[in-house]
Protein chains: 2
Amino acid sequence: MSHKTNTCPDQAINPDSLIAHFADNQPLRLDSGAVLAPFQLAYQTYGTLNADKSNAILICHPLTCDQHVANPHPLTGKAGWWDNLAGAGKIIDTARYFVICSNVIGGCLGSTGPASMNPQTGKPYALDFPVITIADMVRAQAMLVDRLGIDTLFAVIGGSMGGCQVLQWASAYKERVFSAIILASGARFSAQNIAFDEIGRQAVMADPDWRDGRYIEAGTTPRKGLAVARMTAHVTYLSEKALHRKFGRNLQARPQVTFGFDADFQIESYLRHQGMTFVERFDANSYLYLTRAMDYFDLAADHGGRLAHAFSGTRTRFFVASFSSDWLFPTRESQLIVHALNAAGASVSFVEIATDKGHDAFLLDEPVLSSAMDGFLQASARAKGIPS
Amino acid sequence: MSHKTNTCPDQAINPDSLIAHFADNQPLRLDSGAVLAPFQLAYQTYGTLNADKSNAILICHPLTCDQHVANPHPLTGKAGWWDNLAGAGKIIDTARYFVICSNVIGGCLGSTGPASMNPQTGKPYALDFPVITIADMVRAQAMLVDRLGIDTLFAVIGGSMGGCQVLQWASAYKERVFSAIILASGARFSAQNIAFDEIGRQAVMADPDWRDGRYIEAGTTPRKGLAVARMTAHVTYLSEKALHRKFGRNLQARPQVTFGFDADFQIESYLRHQGMTFVERFDANSYLYLTRAMDYFDLAADHGGRLAHAFSGTRTRFFVASFSSDWLFPTRESQLIVHALNAAGASVSFVEIATDKGHDAFLLDEPVLSSAMDGFLQASARAKGIPS
């Protein structure tokens with residue numbers, strides 16, 4: 001394990017994270033059959049690993065978040081994306097647990113991804129980067145956890161794409177996951193989810209500044225295409241009701257519509273802002289690869305079409321939560337997971353949180369979620385014998 | 001009224017429709033304060049106007065349809081968009097009624113729109129075309145109905161954006177509308193609807209071939225941007241369940257995923273096809289203008305914030321239908337209309353059709369809708385004294 005800051009020119013974006021380098025003799029074997037070597041994962045840790053290494057929690061980040069769970073983001077200066085839940089004295093208590101979060105493989109904040117240098121060409125990978133899967137992300141994380149000398153994770157926690165990784169962890173590494181928390185997620189991506197992902201990819205690839213993926217060498221950025229992709233995805237993260245409550249048909253600070261194509265409505269300027277700020281912190285090709293990994297995720301299909309088979313023999317304790325107004329991962333997707341876990345004889349707690357905040361509710365302050373997660377983690381810690 | 005075929009060079013797209021020209025002395029006065037003159041409407045008629053001119057039905061088309069309700073489309077060769085409902089012996093019976101449908105003002109199939117020649121410059125209007133509203137569309141239609149010598153329309157019928165026009169007709173021309181059918185529509189566009197419209201517009205305007213709207217003179221077409229806009233809108237026309245039923249996670253004709261960015265899933269190739277075919281028959285600037293008109297639609301706001309006031313004193317008979325899986329115009333939007341009509345003392349029938357086909361259900365064969373519409377039209381015809 002290397003604790004030096006990342007100084008690779010192609011990864012200079014993230015000087016603050018720890019970097020785990022994996023050399024040519026430690027390749028990442030991908031589902032596609034391709035092999036990625038060398039590679040690196042950028043990660044953050046919070047708290048201290050205890051003597052018997054029993055207090056490690058791995059957080060798996062959703063699509064457009066990263067390893068900066070509980071510290072200010074190095075690019076935006078904003079608080080960590082799960083600052084409300086993770087930190088000293090918080091529910092994911094960094095005074096009690098050793099919390100790890102790594103930027104996923106294929107990501108753009110220090111881990112090897114399509115913006116990284118391809119050692120075979122000396123240029124950025126771009127679309128020569130191999131297509132990755134959720135299982136590949138998890139395989140890389142397992143190598144990091146090995147590197148950290150941790151055998152069993154006390155908990156693996158994630159929402160949305162992070163929840164997919166948690167499911168994959170619990171299926172592929174049954175003995176290494178004591179407890180698992182899956183929020184606003186599913187064991188597969190639906191046709192509608194794939195549709196929105198594909199719209200985002202087409203928007204990026206339609207931008208001539210994308211340059212068939214070679215925009216770094218060209219010195220361009222497919223800003224407009226990536227912004228449209230982000231706008232589209234962002235609408236799916238919110239509920240119709242939340243949009244109505246936050247924006248309704250409210251106009252910008254003007255008495256009436258302008259009869260033009262400027263942003264008359266607050267929802268328009270909000271979305272434009274979301275699009276514009278996203279391109280400052282995210283790589284367009286990473287967006288293609290990570291959405292593709294999500295599309296491909298179908299845990300049941302990987303187990304002969306029966307989701308319960310993915311969890312055969314599990315002894316992991318599961319906590320699953322959905323949000324009533326989430327239309328990206330509706331409650332029924334969580335219920336499918338719960339039914340499969342029940343069929344596999346697993347211990348599982350399930351809660352549907354009544355909220356109008358939509359998919360993004362898992363990132364926000366939801367008191368019912370917080371107390372349910374807290375109860376689950378406390379009980380799991382007692383069962384594991386972690387001192388409070 | 002001119003029955004000559006349209007030979008204006010800027011309108012050569014549509015040689016088959018009737019054209020009503022309105023000269024400089026018959027201007028269209030727009031909500032924005034702008035005046036459009038001269039202008040023209042392209043329209044189709046089916047059947048024969050009876051002697052007392054009591055059997056005229058006006059159909060108002062949705063966003064991406066046009067005047068070709070019940071005849072093969074001149075560009076695509078496909079059957080008319082409401083061929084299942086309109087025709088001889090069908091529910092909108094062209095053997096009994098005189099059916100009119102005009103391309104909306106701002107459209108691109110023969111009516112004056114942003115692709116038309118601006119007489120002041122000799123070039124296409126592009127973004128110099130004035131921003132129009134639903135009320136403007138209806139005002140132009142009323143001038144066409146005047147031109148046809150029809151005082152009262154037996155029925156005004158429309159779905160989605162067409163339904164908005166029907167509501168506007170019933171509000172602005174109370175004495176001229178005997179019966180009104182509003183399908184899958186609403187009296188306003190929600191924040192979510194505006195959000196998806198804005199994404200579509202941003203996708204078009206992000207395309208460098210859009211050329212700030214002057215793509216006709218530049219000899220380009222913003223194909224990629226308009227295709228992304230269409231893909232986005234198309235997803236909103238279908239229900240999650242319909243997508244799941246039609247496509248699920250089915251792969252194209254290949255045994256497994258390709259680990260690439262080609263269309264692996266059927267839903268991807270379906271959406272790409274929808275995008276590509278749309279650009280062959282629709283003008284990108286028209287798309288901007290018509291979505292803007294929809295965003296601006298808020299019939300209650302036009303009447304002091306009380307929707308019932310829009311219908312004060314009405315004697316029109318109303319039929320309102322929603323579709324249970326329509327998430328673009330959910331049933332509650334129809335219910336708001338029905339409540340307002342009730343408050344205004346109007347005669348109104350309302351039906352929510354149980355279907356998983358989503359918003360587009362109003363264009364499809366829905367037996368419950370067909371028989372309910374049939375019953376309503378038959379009863380209205382008896383009340384109006386139209387011979388069967």
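## Around Ser160(A)

Leaving aside neighbours within four places in sequence, Ser160(A) is in contact with Pro62(A), Leu183(A), Ala184(A), Ser185(A), Phe329(A), His359(A) and Phe362(A). That is a handy place to start looking around this model, which is predicted. Ser160(A) sits in the loop between β11 (153-159) and α2 (161-172) of chain A. Is Ser160(A) buried or exposed? With a relative accessible area of 9%, Ser160(A) is buried, because buried here means under 20%.

## The annotated active site

An unreviewed UniProt entry places the feature "active site" at Ser160(A), Asp326(A) and His359(A). These residues span 200 residues in sequence, yet no two of their C-alpha atoms are more than 10.7 Å apart, so they gather at one spot.

## Around Asp326(A)

Now to the next residue of that annotation. Asp326(A) belongs to the loop between β13 (317-323) and α9 (331-343) of chain A. Asp326(A) is buried, with a relative accessible area of 3%.

Once neighbours within four places in sequence are set aside, the contacts of Asp326(A) are Ala184(A), Gly358(A) and His359(A).

## Where chain A meets chain B

How many residues does each chain bring to the contact? Chain A gives 52 residues and chain B gives 52 residues. The area buried between chain A and chain B is about 4,700 Å², and carbon and sulfur atoms give 69% of that area. Arg249(A), Phe259(A) and Phe261(A) supply 18% of the area that chain A buries against chain B, more than any other three residues.

## Polar links and helices at the interface

If you like counting interactions, there are 12 salt bridges between chain A and chain B. In a salt bridge between the two chains, the side chains of Arg201(B) and Glu268(A) meet at 2.8 Å, N to O. The count of residue pairs in polar contact between chain A and chain B, both at pLDDT 80 or more, is 28.

Which helices of chain A each supply at least two residues of the side that touches chain B? They are α3 (191-206), α5 (223-237), α6 (240-246), α7 (266-278) and α8 (284-296). The largest share of that side, 12 residues, comes from α3(A). By residue class, the side of chain A that touches chain B divides into 27 nonpolar, 10 polar and 15 charged residues.

Methods:
Residues are numbered from 1 along each chain as its sequence is written. Chains are lettered from A and ligands numbered from 1 in the order in which they are written. This is a predicted model: local features need pLDDT of at least 70, side-chain atom pairs count only at pLDDT 80 or more; totals for chains, interfaces and linings use all residues. Side-chain values use heavy atoms; hydrogens and water are left out. Contact means heavy atoms within 4.5 Å. Buried area is the accessible area (1.4 Å probe) that two parts lose on being put together, summed over both. A salt bridge is a side-chain nitrogen of Lys or Arg within 4 Å of a carboxyl oxygen of Asp or Glu. A polar contact is a pair of N or O atoms within 3.5 Å; within protein, one must be able to donate a hydrogen and the other to accept it, and residues adjacent in sequence count only if both atoms are side-chain atoms. Helices (H or I, at least four residues) and strands (E, at least two) are DSSP runs, numbered from the N terminus. Ala, Val, Leu, Ile, Met, Phe, Trp, Tyr, Cys and Pro count as nonpolar, Asp, Glu, Lys and Arg as charged, and the others, Gly among them, as polar. UniProt positions are given in the numbering used here, feature names are shortened, and annotations may be inferred rather than shown by experiment. Buried means under 20% relative accessible area, exposed over 50%, partly exposed in between (1.4 Å probe, protein chains only).
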